[in-house]
Structures are given as C-alpha cells and as structure tokens.
Amino acid sequence: LSNKQGLLADESATIAMGKKLADIVKTQLKQGIVVYLYGDLGAGKTTLTRGFVQGMGHIGHVKSPTYTLVEPYELHDWLVYHFDLYRLSDPEELEYMGIRDYFADNCCCFIEWPEKGLGMIKAPDLRIDLAYSDEQRTINIQAKTALGELVINALS
Ligand code: ADP
Ligand code: MG
C-alpha cells in the first residue's frame, strides 16, 4: 500500500486538500471512507476536515466537536461524521453513542485522536499525519486498505 507526502503552505492549502479528498470520494470512490487524523494540537486536523465537509456539499460553519465528540453532517447523498475523541476518557462511552451506526457504507468518518477510541472504531482506509514545519504544515497520507489505495492513486 502506498503513501503520499506534501507540504501545505497555509490554511487555504489545507482546506483545498480536504476538498480534493471530497472530490475523489464523490466522483471516484462513490462510497464512504474512514480516515484517521494524527497530529499535535493545531496541526490542522480540524481544518482539513472542514475542507472535506465543505467539499462534500456542506454550506456554512464547521465547528470542532471537542465537547460533543462527534458532529454529524447530513448532506444530499452523503453522511459525514467528524469525530474528535480528544476528551474521550473511556472507549466504552462510544458504545452508548451508538458508534456502530456511524460506520455504514455511505458514511465518511474523519476521526481526530483515533488512538483514544481504538477497539471501538472501524479500521481506517487512510491514515493522515499532519505536522508543524515552521509556519507551514507537512502532510503524509497512507493507504490502509484497497479503497485507501484508490484515493492515493487519484491524488497522484
Ligand atoms: P487541530 O484540529 O489539529 O488541533 P486546527 O485545524 O484546529 O488543528 O488548527 C490549525 C491551525 O493552524 C489553525 O489556526 C489554522 O488556521 C492553521 N493552519 C491550518 N493549516 C495550516 C497550514 N497549512 N499552514 C499554516 N497554518 C495552518
Ligand atoms: Mg481539532
């Protein structure tokens, strides 16, 4: 399985990368994906997800689900779930939220701090690592499944 690295010069580049992923999902995959997002606070996980959610057709605000753990977006043809598990103290809590319903085929799940929910969340198609590089950010996108591999190929 492949990976792809790049430099994101500013916030708008991070948004654009999220939108590009959305375009690939809509026009090429035509099914949902699970993306795990790794990186320090402020690395751009929420910003990337914002670009994705907007690219999938959401108009308006994309807020960070820091306290709610998940923010659902019911779009025309798609369901997008943005998770931020930073404040999750026990992965069992996800059971009470009905976590399994979130991983249907037409759902896209972008998950910040997935390590907090391991054992309870579906395995990823893509792993994305964001990191500080002075004022910019680096991005590394790794395929974890054949579906993820299609995304990497479409990006190249
Ligand atoms: P996280 O969810 O990883 O904690 P956020 O997306 O909430 O991070 O915040 C990232 C911060 O960095 C925002 O202030 C955003 O404007 C900025 N940012 C996002 N992408 C870039 C980039 N490519 N280069 C520089 N700054 C960025
Ligand atoms: Mg965040």
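Among contacts in the chain between residues at least 6 apart in sequence, 68% join residues at least 24 apart. Two residues are in contact if their C-beta atoms, placed from the backbone, lie within 7 Å.

This is a predicted model, in which local features need pLDDT of at least 70 and side-chain atom pairs count only at pLDDT 80 or more, while totals for chains, interfaces and linings use all residues. Residues are numbered from 1 along each chain as its sequence is written, and chains are lettered from A and ligands numbered from 1 in the order in which they are written.

The chain has four helices and seven strands. Helices (H or I, at least four residues) and strands (E, at least two) are DSSP runs, numbered from the N terminus. From that end, the elements run β-α-β-α-β-β-α-β-β-β-α. The radius of gyration of the chain is 14 Å, close to the 15 Å that the globule rule gives for 156 residues, so the chain is as compact as a globular protein of that length. The radius is taken over C-alpha atoms, and the rule is 2.2 Å times the number of residues to the power 0.38.

Helix α1 covers residues 11-29. At 1.5 Å a residue, its 19 residues should span 27 Å, and its end C-alpha atoms are 26 Å apart, which agrees; the expected span is 1.5 Å times one less than the number of residues. Which residues of α1 are buried? They are T14, I15, M17, G18, L21, A22 and V25. A residue is buried if 20 or more other C-beta atoms lie within 10 Å of its own, exposed if 12 or fewer, and partly exposed in between, with C-beta atoms placed from the backbone.

Ligand 1 is surrounded by 17 residues, of which L8, T14, K45, T46 and T47 are the closest. A residue is near the ligand if its C-beta atom, placed from the backbone, lies within 6 Å of it. At least two residues of this shell come from each of α1, α2 and β7.

E71 lies in strand β3 (residues 70-74). With 18 other C-beta atoms within 10 Å, E71 is partly exposed.
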